[in-house]
Amino acid sequence: MPGATDEFVRVRKRDLDRLTTEVMQMRDFLPRILNGDILESFQKLELVEATVEKKEKEVELLRMDCEHFRSRLDAAQAECMKEKKSKAVRFFTLAGQTIESFVKSLTEVIKEPQDLDSDEQQFVLGLAGVVTNVAAVTIGREFLVTSCSVLLDTWMQLLAELKAGLCSRLKVLMLMSLYNVSINLKGLKYISESPSFLPLLTLLLHDPDAEVCLHTLRLLQSVILEPEVFTKMTPSLQESLPLQRITEFSKGRHKEVKSLAQELLEDLQFLESEV
């Protein structure tokens, strides 16, 4: 072609023959070498796959063992919880009976709080304190409502039986227990549906001890602030609620009682306007 230039390399015939021979050798041996490497790779792959399969079986066996032990653990835990619940029910039943016996043992001769400052009273206060602490946590409230509702009945019964001005610390602890239980909606419904509940509130609001009145107002506030319960109880509250007594508290000297009584009157006025 015009303008094109061809380049040539001069090679000796002996060198060309040697190169040709090497190329022929490579064409002959290269497939064998490659096939050997591939075969070795396949063998390694089969070995790896076998190892993986073995490990998978071992893992499956371990998983089955774990499920078995977990099942046994769950069964053991369930049995343990059941046993604890049986013991807890017995404890609270005993606590209620013990405090009930203590209250019934009181006589008219006892007039001053210090007359009750005995080991027996301290033990009774300790039992009441345990119930109050249990009712202070969610799971405890639920347990008392579902499994120990008889204790709540006993508490309300004993609060009604204790004379005004007597065993104020015990009354406060029992009222705190009922208030804590009332945080649970089922607990509030159970307490408020008791025929003795509203008469008990009226009775306790006339107790001479300010702390007893304070915790009675708190319990009443739980009823008022729960719409479902308040609506159901509105007729009974209007009929028996000692508004005059609460009004007196709202003008009294005890700071906490006064503040809570004012809140209650405001809440009642607002809720009754909404009904």
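**Aromatic cluster and a helix pair**

Biologist: Is phenylalanine 143 buried or exposed?

Modeller: In this predicted model, phenylalanine 143 has a relative accessible area of 15%. The cut-off for a buried residue is under 20%. Phenylalanine 143 is therefore buried.

Biologist: How many helices and strands does the protein chain have?

Modeller: From the N terminus on, the elements run α-α-α-α-α-α-α-α-α-α-α. The count for the protein chain is 11 helices and 0 strands.

Biologist: What share of the residues in the protein chain is buried?

Modeller: The protein chain has 275 residues. Phenylalanine 143 is one of the buried residues, at 15% relative accessible area. Buried residues come to 31%.

Biologist: The structure holds aromatic pairs; what geometry does the pair of phenylalanine 91 and phenylalanine 92 have?

Modeller: There are 2 aromatic pairs in the structure. In the pair of phenylalanine 91 and phenylalanine 92, the rings lie 5.2 Å centre to centre, with 70° between the planes. Planes over 60 degrees apart fall in one class, and this pair is therefore edge-to-face.

Biologist: How many residues apart are phenylalanine 92 and phenylalanine 143?

Modeller: Phenylalanine 92 and phenylalanine 143 form a tilted pair, 5.9 Å centre to centre with 50° between the planes. Phenylalanine 92 sits in helix 1 (residues 13-105) and phenylalanine 143 in helix 3 (residues 138-147).

Biologist: Which residues do the ring pairs link into a cluster?

Modeller: Phenylalanine 91 pairs with phenylalanine 92. Phenylalanine 92 also pairs with phenylalanine 143. The cluster consists of Phe91, Phe92 and Phe143.

Biologist: How are helix 5 and helix 8 oriented to each other?

Modeller: Helix 5 (residues 168-182) and helix 8 (residues 210-224) pack with their axes 9 Å apart, at an angle of about 15°. Their crossing is left-handed. An angle under 35 degrees has its own class, and the two helices are therefore roughly parallel.

Biologist: How many residues of the contact of helix 5 with helix 8 are nonpolar, polar and charged?

Modeller: Helix 5 contributes residues including Val172, Leu175 and Tyr179. Among those from helix 8 are Glu211, His215 and Leu219. The residues of the contact divide into 7 nonpolar, 5 polar and 3 charged.

Methods. Residues are numbered from 1 along each chain as its sequence is written. This is a predicted model: local features need pLDDT of at least 70, side-chain atom pairs count only at pLDDT 80 or more; totals for chains, interfaces and linings use all residues. Side-chain values use heavy atoms; hydrogens and water are left out. Axes are lines fitted to C-alpha atoms, for helices over the stretch in contact, and angles run from 0 to 180 degrees between N-to-C directions. Helices (H or I, at least four residues) and strands (E, at least two) are DSSP runs, numbered from the N terminus. Angles under 35 degrees count as roughly parallel, over 145 as roughly antiparallel, 65 to 115 as roughly perpendicular and the rest as oblique. A crossing is left-handed if the near helix is turned anticlockwise from the far one by less than a right angle, and right-handed if clockwise. Contact means heavy atoms within 4.5 Å. Ala, Val, Leu, Ile, Met, Phe, Trp, Tyr, Cys and Pro count as nonpolar, Asp, Glu, Lys and Arg as charged, and the others, Gly among them, as polar. Rings of Phe, Tyr and Trp (its six-membered ring) pair if their centres lie within 6.5 Å; planes under 30 degrees apart count as stacked, over 60 as edge-to-face and the rest as tilted. Buried means under 20% relative accessible area, exposed over 50%, partly exposed in between (1.4 Å probe, protein chains only).
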